[in-house]
Amino acid sequence: MILKKLSELKNLLEDKPVRRLALAAAHDHQSLLAVLKASRDNIVKPILIGDENEIRRIAGENGYELENIKIIHEKDIEKTSELAVKMVSNHEADVLMKGKVGTSTLLKHVLDKTWGLRTGNLLSHIAVFEVETYHKLFAVTDVAMNIAPNLKDKISIVNNSVTCLNMLGVELPKVAVLGAVEMVNESMQATMDAALLSKMNQRDQIKNCIIDGPLAFDNAISLESAIHKGIRSEVAGDTDLLLMPDIEVGNVLYKSLVFFAKANVASMILGAAAPIVLTSRSDSEQAKYDSILLAAASAK
Amino acid sequence: MTAYCLQPHQQNNTTMIGSLEQLVEIVKNRKVKPRMAVTWAQDENTLGAVEKAVKENMIAASLYGNRPMIEKVSRKLGIDTGIFEILHIDNEVAAAKETVRAVKAGEADILMKGLIGTDKFIRAVLDKETGLMKPKAVLSYVCAVDIPDYHKLLFITDTAVLPFPDLDQKVAMAEYAISMAGKFGIEKPKVALIGASEKMGKHFQNAVDYAVMCKMAERGQISPCIMDGPLDIFLACDKQSLAIKAVDTPVGGDADILLFPTLEACNPFYKGLMLFGRGELAGMLMGTQSPVVLMSRSESEKSKFYCIALSCLMAENN
């Protein structure tokens, strides 16, 4: 299935039970309103964990009724994270989301050895973009979590992302391993890793996707540009997933897509037992809403 | 499968040379015979092989060495020294220098090692000022092997020079083998990068190098070829194992070239073929400006002769 818009992710939710989302430290203006909007649109069934008075005040001021919404009153922020994570690990919730709590605090509980959401996989970030000038949605990883992934990390990041894209109906995602050039160059580790990932994919050691790299950004997203350069690639021009060499490149690409290309974006953390929505304050309301939608659509 | 196989097939204008006997036929009786300079040519092995090549009308030979010694050995073998040009030099290192100079100056087309120690001979070839290397080239060795049980010639590298080739050296080895296969009329050879398994083991630097090379070939950074690796020898050369293992490889059990990870893997492989597989070979040094024939004394008479024939083929347009 080819998705062109983030709103089309809603189609994936049909015929499935509504996903339950546990919001840790829910007394947070921005995330609470995004969750309540998603709840009103029947995208998720929220479980709000936080200061109940604050939650009711914020909801009331913004015209939301909280009937039929489960609220767990807990003022201690540390405790809200613990409760939210435990609900997911006990299968009482399908998606975890960060409210008014620091990322490190929430992740500490996610990684807790006894009741955390560890799966043995590396945690990684995925961002799904809707851009006017590209013929389908495409994902970018990792722009926020892994700073300078080595080959082993990159394998995990690809695997996390491919599993997610499979859940979103992209059966055989085309993965472009990004470099500054499409040639292999011993002094650019990214191009060497790209060659290795391609071969591991050919040997079925990385499954359920088609990997090619190194590809420069233009070859990855434009078939014309790839043909111009004489690159024969199944991925070029039809990329579903762009694997970044490191966080700097990824982060800059992410922000330039948002600011210059007016892209819509949804993002989340992969590799835990359930999708984790970790939006930042600078994300637009729409981005927060779309991220909740993305997490709900990709939840098992 | 990999899209680089879809490249339009190039027009093949060269005659295909499918066996070493055919190679001999091709280089024999040419109007212009390549001139060979032989360093310290005063042992039975060398003189025997050179005499045969001269008599078969393949080369013209100049022997550099101790004249009385050359004449004595020739007499013993019943060789008429009148078919050679003999240049008297009373010192093997000087002979090496002089033969290298003659080839570099264009007075000879092919260099061949005689009784001189390999290290002394190679030192003269490698000399930065006076030697025979192409600029910045890697010195390596490629053999064309004729095995009755394989359906075509098999080019293998490196049997003799590079003990533990790194990535750059492996790329050079591949380039040399591809260029040699090209002289045999194979325009887009299938190159198998040999390992113990086809899997990308994390602990094998060779597998890492191989993956990088495959991508370089795909991106046109290596001369036109169909490259895959790591592959074991079964997957490289046997269609049946390919079917059993169900590995998707463009080399497809039909390899023209086997590139080995180390000298100690390649050398026993070729010797096994000679001893147990009734194989014959033609091999030479690569990376030099002109062909250099350097062979082991233990090669068969036929193989020695084939080595000279190969150097004649490679000397063309050099």
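**The core and its surroundings**

Mentor: Of the 215 residues in the largest nonpolar core, those that touch the most other members are Ala22(A), Leu23(A), Ile292(A), Leu293(A), Phe155(B), Ala177(B) and Ala309(B). Helix 11 (residues 301-315) of chain B contributes the most to this core, giving ten residues. A nonpolar core here is a set of buried Ala, Val, Leu, Ile, Met, Phe, Trp, Tyr and Cys residues joined through C-beta atoms within 7 Å. Buried means that 20 or more other C-beta atoms lie within 10 Å of a residue's own; exposed means 12 or fewer, partly exposed is in between, and the C-beta atoms are placed from the backbone. Helices (H or I, at least four residues) and strands (E, at least two) are DSSP runs, numbered from the N terminus. As background, nonpolar side chains tend to be buried together in soluble globular proteins.

Keep in mind that this is a predicted model: local features need pLDDT of at least 70, side-chain atom pairs count only at pLDDT 80 or more, and totals for chains, interfaces and linings use all residues. Residues are numbered from 1 along each chain as its sequence is written, while chains are lettered from A and ligands numbered from 1 in the order in which they are written.

Let's zoom in on one core member. Leaving out neighbours within four places in sequence, Phe155(B) is in contact with Val142(B), Cys143(B), Ala144(B), Ala177(B), Met180(B), Ala181(B), Asp256(B) and Ile257(B). Contact means that the C-beta atoms of two residues, placed from the backbone, lie within 7 Å.

Now for the chain around it. Chain B is divided into domain 1 (28-133 + 288-312) and domain 2 (137-285), with bounds that come from an automatic or database domain assignment. The C-alpha centres of these two domains of chain B are 29 Å apart. Where they meet, 16 residues of domain 1 of chain B are in contact with nine residues of domain 2 of chain B. On the domain 1 side, strand 11 (292-293) and helix 11 of chain B are the elements that give two or more residues. Helix 11 of chain B gives the most to that side, with seven residues. By class, that side of domain 1 of chain B has eleven nonpolar, four polar and one charged residues. Ala, Val, Leu, Ile, Met, Phe, Trp, Tyr, Cys and Pro count as nonpolar, Asp, Glu, Lys and Arg as charged, and the others, Gly among them, as polar.

Ile70(B), Val73(B) and Ser74(B) are buried in helix 3 of chain B. Down the helix axis, these buried residues fall within an arc of 100 degrees, so they line one face of helix 3 of chain B. That arc is taken from the directions from the helix axis to the C-beta atoms. Exposed residues Pro68(B), Lys72(B), Arg75(B) and Lys76(B) sit on the face turned away from the buried side. The buried residues of helix 3 pack against helix 2 (44-55), strand 2 (60-65) and strand 3 (85-88) of chain B. Just after helix 3 of chain B, Gly78(B) takes a positive phi of about 70 degrees.

Why does Gly229(B) count as buried? Because 31 other C-beta atoms lie within 10 Å of Gly229(B). Not counting residues up to four places away in sequence, Gly229(B) touches Ala192(B), Leu193(B), Ile194(B), Gly195(B), Tyr210(B) and Cys214(B).

Finally, turn to chain A, which has ten helices and eleven strands. Of its 300 residues, 53% count as buried. Chain A is divided into domain 1 (6-119 + 272-298) and domain 2 (124-264). Seven residues of domain 1 of chain A are in contact with eight residues of domain 2 of chain A. Those on the domain 1 side divide into four nonpolar, two polar and one charged. As for the meeting of the chains, 16 residues from chain A and 16 residues from chain B make up the contact. The chain A side has six nonpolar, four polar and six charged residues.
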